[in-house]
Protein chains: 2
Amino acid sequence: MQTRRCLVKRRKFRIVFQPSGRRGEVEEDKTLLDASRELGVDIESVCGGKQRCGKCKVRIEEGRFERLGIRSSPSHASDWQASETEFIDPQSKAEGFRLACAAKIRGDLLAFVPEESRAGQQVIRKAAGEITVAHDPAVRLYPVKLVPPSLDHPLADLERLTEKLNETHGLTGLTADYLVLMDLPQILREAEWDVTVAVWNDLEIIRIYPGHVEECWGLAVDIGTTTVAAYLCSLKTGMVHATESIMNPQVVYGEDIMSRISYAMTHRDTGLEELSGRIVTGLNDMITKAAATCRINSDDIVDMTVVGNTAMHHFLLRIDPRYVGTAPFAPALHRSVDIRARELGIAINKSSYVHVLPIEAGFVGADNVGVLICQEPYHQEENQLIIDIGTNGELVLGNKEKLISASCATGPALEGAEISFGMRAAPGAIERIKIDPKTFDVNYKVIGRETWKRDPESGDMKAKGICGSGIIDLLGELYRSGIVQKNGSFNKNLKTPRLRSGSDGTHEFVIAWKKETSIGKDIVVTQRDIRQIQLAKAAIYAGAKMMMRRLGIAHLDRVVIAGAFGTYVDKEEALIIGMLPDITLDKVVSVGNAAGDGARMALLNRGKRKEADQIARQVEYMELTIEKEFQDEFVAALTLPHGKDPFPHLAGMVPDEILNQ
Amino acid sequence: MQTRRCLVKRRKFRIVFQPSGRRGEVEEDKTLLDASRELGVDIESVCGGKQRCGKCKVRIEEGRFERLGIRSSPSHASDWQASETEFIDPQSKAEGFRLACAAKIRGDLLAFVPEESRAGQQVIRKAAGEITVAHDPAVRLYPVKLVPPSLDHPLADLERLTEKLNETHGLTGLTADYLVLMDLPQILREAEWDVTVAVWNDLEIIRIYPGHVEECWGLAVDIGTTTVAAYLCSLKTGMVHATESIMNPQVVYGEDIMSRISYAMTHRDTGLEELSGRIVTGLNDMITKAAATCRINSDDIVDMTVVGNTAMHHFLLRIDPRYVGTAPFAPALHRSVDIRARELGIAINKSSYVHVLPIEAGFVGADNVGVLICQEPYHQEENQLIIDIGTNGELVLGNKEKLISASCATGPALEGAEISFGMRAAPGAIERIKIDPKTFDVNYKVIGRETWKRDPESGDMKAKGICGSGIIDLLGELYRSGIVQKNGSFNKNLKTPRLRSGSDGTHEFVIAWKKETSIGKDIVVTQRDIRQIQLAKAAIYAGAKMMMRRLGIAHLDRVVIAGAFGTYVDKEEALIIGMLPDITLDKVVSVGNAAGDGARMALLNRGKRKEADQIARQVEYMELTIEKEFQDEFVAALTLPHGKDPFPHLAGMVPDEILNQ
């Protein structure tokens with residue numbers, strides 16, 4: 001009799017993904033999504049493999065593929081799941097379509113990944129902004145020439161060095177990192193006692209260069225849920241010499257934070273390590289590239305600052321993020337930390353520290369602190385609202401008297417997720433939309449092409465889906481042209497072939513016809529999609545209102561939109577759909593990737609690090625979900641535009657036909 | 001044509017060592033000594049494989065060994081070296097004897113290791129002494145009960161913990177090690193917010209225990225060139241709960257420091273790593289054993305202090321020790337350092353530090369600092385001379401007004417090396433000798449037996465060689481009984497079969513006859529051996545004299561002999577041979593392993609660590625070799641006993657026949 005303890009060695013089968021042609025052997029019972037990760041095939045997976053988003057459709061081919069040495073058949077995958085019916089219609093099912101996260105391997109398989117399921121290379125939109133900050137980096141270089149030891153004066157190397165640094169540069173009480181100590185006798189003698197010493201925070205020797213060196217380098221990093229950006233700066237001049245950005249390599253585990261936290265929780269042994277390792281590998285790739293751009297070695301980078309939301313912060317530090325994802329959402333720590341790069345596996349100068357900026361609250365992370373030290377609302381008289389829309393919406397309101405922060409659950413709709421044809425800001429994404437209020441014809445622009453569709457020279461647009469900024473435009477334009485009503489419902493009386501009955505019985509509006517797309521079908525927005533966008537914009541509006549009430553502020557002096565999303569969103573459309581609180585267009589500013597700019601400031605100025613620690617503890621976090629009036633405020637804000645008298649604030653900005661509607 | 005760049009893959013041959021039977025495949029051209037290390041066979045190698053000590057003789061067998069599947073022949077080893085002729089006589093050569101460090105592998109070999117070449121397990125003589133020190137350990141435990149976070153009060157875990165530690169125990173400004181941080185959310189919740197926190201130096205959290213814990217543990221370590229000793233102490237009571245000691249696992253690379261430094265230098269890629277790794281592995285073995293003795297886990301050890309000479313200090317820290325071995329002998333650093341155990345690969349609590357005590361000078365290391373903080377000469381009125389005889393002799397002289405230190409090159413003779421039948425203090429070593437001045441008969445005691453040879457119940461002594469304390473006795477007794485004259489030469493007029501002409505034409509004295517030994521030959525002391533001992537004792541005496549002159553001290557109040565050697569040496573014999581400066585026997589004290597006791601004091605009291613750093617920089621190092629009068633003083637001290645009127649100070653202590661000689 002077989003005992004239950006015996007180890008079953010799993011069989012392996014050959015798996016091929018087309019059109020990439022990636023192939024390999026994968027263990028029985030793994031899902032095709034798992035296989036795609038193992039074989040380096042990027043398949044979209046917004047929900048992180050939980051059969052909830054339907055983005056990971058693949059087609060299993062039937063046949064004998066001689067050259068590949070396999071016979072593939074839909075029957076080589078595990079049984080059809082009820083959850084798949086929601087996303088795959090009967091005809092597609094008949095063609096062999098499956099959700100890659102549902103179909104488990106039971107034999108050799110050849111799977112075709114249709115373009116809409118392919119995770120494209122995101123267009124990175126996190127350029128470094130202009131910043132002004134006093135030059136006071138944490139790492140500085142000090143040249144010294146030492147007298148070699150002699151029998152008369154055999155003082156030890158370290159004391160010889162620190163005494164000289166004291167004598168010539170006034171540095172006292174210096175220590176040295178252990179790894180510097182290990183190499184010290186060798187390097188001093190090879191350099192014939194003429195060296196340049198890199199000192200961190202006037203406290204510790206973190207590198208010794210032979211001879212006279214004048215320039216050293218630092219890296220400021222912004223780890224977003226979707227995008228990671230890195231700025232390589234000269235610590236001598238403060239200039240950015242290279243900007244690198246990549247899609248967050250954790251994206252294959254799910255686009256939203258909760259999917260990734262959930263992956264880490266359900267894979268107890270390796271999940272956290274995998275997700276953490278992905279970020280570190282990604283950072284090291286960027287470090288290699290940025291260093292190559294500047295023709296330096298990666299160990300010439302002697303300092304590094306990092307911002308990121310609380311989950312990314314915890315993932316980077318390999319701290320279990322599960323409690324950040326569950327009420328009461330307490331993070332592991334608030335304060336900034338300096339951790340040796342080598343302890344994190346980050347391949348800069350081995351003795352250097354990574355300075356991770358502080359966290360305000362579970363949902364208001366170090367990225368928001370970066371925005372704050374960049375914008376400095378705590379130095380200003382005027383009341384401003386800072387909105388940072390990433391995968392979550394973070395809000396800060398106040399002035400030098402008081403600042404409060406809140407997080408609002410916008411959901412991922414504003415990033416293109418959970419929208420029928422939503423996608424990331426990758427080539428082929430519709431990022432800009434105009435609808436003719438008379439003909440209801442749609443003009444749009446996709447990422448990767450300079451021209452609009454209407455432009456005679458635009459040629460074939462090959463749209464693939466719609467991204468965040470396109471979604472704001474879309475709702476604004478649908479509303480402005482009367483296709484969508486105040487309550488967000490389609491105006492079914494309109495006569496246009498673009499407005500039609502969808503597969504689920506509710507209406508949908510065609511943005512791009514099949515022939516204009518690269519996915520072989522019409523790109524549409526459904527009634528359900530519009531509801532998602534309404535929910536997202538109402539969350540921001542209601543959150544801001546609650547905060548204004550808490551501080552007793554009736555009118556805002558300024559609205560600052562931070563984040564890449566802010567840079568590309570059309571502020572006017574945002575006002576039209578009622579995403580932003582009542583304010584005139586000229587008081588709304590976009591400040592780009594202020595979180596990354598804040599990381600750069602902390603890299604170049606030690607005072608900014610102190611400021612960050614102070615402000616992170618001073619900003620008062622307001623938990624919106626426990627506020628009594630929040631629900632009412634939220635429901636009221638669902639309307640387009642919200643409130644009883646929605647338009648006065650739009651006077652002069654919105655076309656007449658809307659105002660007269 | 002073959003290019004010189006092509007990689008030659010070396011062949012491997014089967015090597016067997018007898019009588020242990022250890023075997024394996026070893027690369028062509030490695031020496032038999034290298035092979036013995038690879039296969040875990042301990043062969044004596046005092047010079048570290050430089051063909052200078054002749055201790056590593058092995059016999060290569062001729063024949064076909066069917067069971068082992070090899071044919072062995074002396075011709076399977078590389079050619080005879082000139083250096084071997086010095087140590088191996090023609091008959092032994094004919095029998096197949098070779099120096100293991102000279103014979104390189106050129107085919108299958110079976111090598112027999114004769115008992116005299118086997119490195120025996122050393123008898124460890126480093127018991128913990130009685131110490132009195134105020135209870136003030138660097139690591140302390142603090143129990144705390146936290147209020148769990150809530151939506152109203154979602155303060156982060158770390159700040160929640162540090163605020164409570166401040167509130168209940170007055171600790172301010174606490175940080176936490178990164179690895180503590182990583183586990184923090186998990187451990188607080190699993191412990192239901194009721195924990196005990198281990199804090200290092202009131203500065204940093206290094207461990208969190210679930211629940212209420214009262215006891216934690218520390219390890220004090222003394223890394224000697226020959227012996228490593230470790231004392232596991234309760235940090236609550238200060239009591240020693242386990243003592244472990246091992247032979248320094250580096251011994252296979254050479255018994256003296258210079259051999260090991262030279263190995264590290266000549267094997268640039270791996271030498272330092274190997275030697276360092278040996279110490280760390282040895283320490284980890286001791287940690288495992290000591291923890292098992294106390295029924296704790298090794299990670300319950302939360303603090304560790306280390307003393308050792310400068311070379312051992314550098315090896316432990318993986319710092320290139322070559323410059324410590326070359327003039328002007330400057331060490332890499334003087335000050336004490338706190339290095340994370342994990343960075344050193346030491347398997348105690350992962351966030352704990354190893355506190356390595358400071359170094360006085362290149363030849364006066366942290367072990368001497370340990371002796372000083374244990375003896376505290378800097379608090380005393382009386383002038384004392386502290387002698388620590390290990391592989392080097394370290395001297396400290398002075399009182400609370402001033403202290404000076406020096407190192408004297410005793411050579412390894414006092415440890416049994418470079419003496420014909422010298423050996424370490426291992427079983428079979430003669431450790432005590434008495435010579436009858438009338439019959440010249442020799443009575444002795446070997447390690448491993450309680451009785452003297454003359455004892456009727458002693459049975460077969462099976463002497464193998466003579467160790468340090470036996471060597472002092474030997475010279476004292478030879479002199480006392482008139483066998484050796486004042487100048488150290490044998491009195492050739494004596495009629496005794498024990499005094500005879502040796503193989504090199506000079507005289508030798510038989511200590512043990514062949515039938516009493518386990519090595520199949522007489523154990524003798526040669527004229528050359530006596531010269532070695534004279535050199536060693538003169539170095540100590542002359543060093544002490546120079547130091548007394550420097551401080552203007554005519555008479556010593558006290559002589560303290562530290563180190564295991566001091567514990568076992570016969571003080572009277574040491575005075576007879578003139579090793580110690582003029583003083584009466586009652587003023588000479590042995591204090592055992594004071595270096596290890598000092599390490600324990602530093603473990604149990606933080607003040608002692610500060611004291612160590614202060615005294616290490618205050619003691620003035622005196623380089624004897626550059627003093628003009630040293631040579632004269634040294635030559636004068638070679639005499640037995642030294643000086644013009646050698647005996648008055650011995651009145652009442654030395655048998656009449658000597659005084660009347």
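## Exercises on a predicted two-chain model

In this predicted model, 35 Å separate the centres of domain 2 of chain A and domain 3 of chain A, taken over C-alpha atoms. The exercises below start from that pair.

**Exercise 1. Describe the contact of domain 2 with domain 3 in chain A.**

Step 1. The assignment puts domain 2 of chain A at 120-356 and domain 3 at 376-661. Domain 1 covers 12-117.

Step 2. Count the residues. Domain 2 of chain A brings 41 residues to the contact, and domain 3 of chain A brings 37.

Step 3. Find the strands. On the domain 2 side, β12 (217-223), β13 (227-234) and β15 (301-308) of chain A each supply at least two residues.

Step 4. Sort by class. The side of domain 2 of chain A that touches domain 3 has 16 nonpolar, 17 polar and 8 charged residues.

**Exercise 2. State how chain B is related to chain A, and describe their contact.**

Step 1. Superpose. A rotation of 180° with 0.2 Å of shift along its axis brings chain B onto chain A, at an RMSD of 0.2 Å.

Step 2. Conclude. The two copies are therefore related as by a two-fold rotation axis.

Step 3. Locate the axis. In chain B, E343(B) comes closest to the rotation axis, at 5.0 Å (C-alpha).

Step 4. Compare surfaces. Both copies use the same surface: 100% of the contact residues of chain B recur in chain A.

Step 5. Count. The contact takes 36 residues from chain B and 36 residues from chain A.

Step 6. Find the helices. On the chain B side, α4 (157-169) and α5 (178-190) each supply at least two residues. The most come from α5(B), with 6 residues.

Step 7. Sort by class. The side of chain B that touches chain A has 25 nonpolar, 4 polar and 7 charged residues.

**Exercise 3. Find the backbone features at P328(A), P328(B), F329(A) and F440(A).**

Step 1. Check the prolines. The peptide bond from A327(A) to P328(A) is cis, with omega near 5°. In chain B, a cis bond joins A327(B) and P328(B), with omega about 0°.

Step 2. Check phi. F329(A) is not a glycine, yet its phi is positive, about 60°. F440(A), also not a glycine, has a positive phi of about 60°.

Step 3. F329(A) lies in the loop between α8 and β16 of chain A. F440(A) is found in the loop between β21 (429-435) and β22 (442-446) of chain A.

Step 4. Decide burial. The cut-off for buried is 20 or more other C-beta atoms within 10 Å. F329(A) has 19 and is partly exposed. F440(A), with 20 inside 10 Å, counts as buried.

Notes:
Residues are numbered from 1 along each chain as its sequence is written. Chains are lettered from A and ligands numbered from 1 in the order in which they are written. This is a predicted model: local features need pLDDT of at least 70, side-chain atom pairs count only at pLDDT 80 or more; totals for chains, interfaces and linings use all residues. Two residues are in contact if their C-beta atoms, placed from the backbone, lie within 7 Å. Helices (H or I, at least four residues) and strands (E, at least two) are DSSP runs, numbered from the N terminus. Ala, Val, Leu, Ile, Met, Phe, Trp, Tyr, Cys and Pro count as nonpolar, Asp, Glu, Lys and Arg as charged, and the others, Gly among them, as polar. Copies are superposed by least squares on the C-alpha atoms of residues with pLDDT of at least 70 in both. Domain bounds come from an automatic or database domain assignment. A residue is buried if 20 or more other C-beta atoms lie within 10 Å of its own, exposed if 12 or fewer, and partly exposed in between; C-beta atoms are placed from the backbone.
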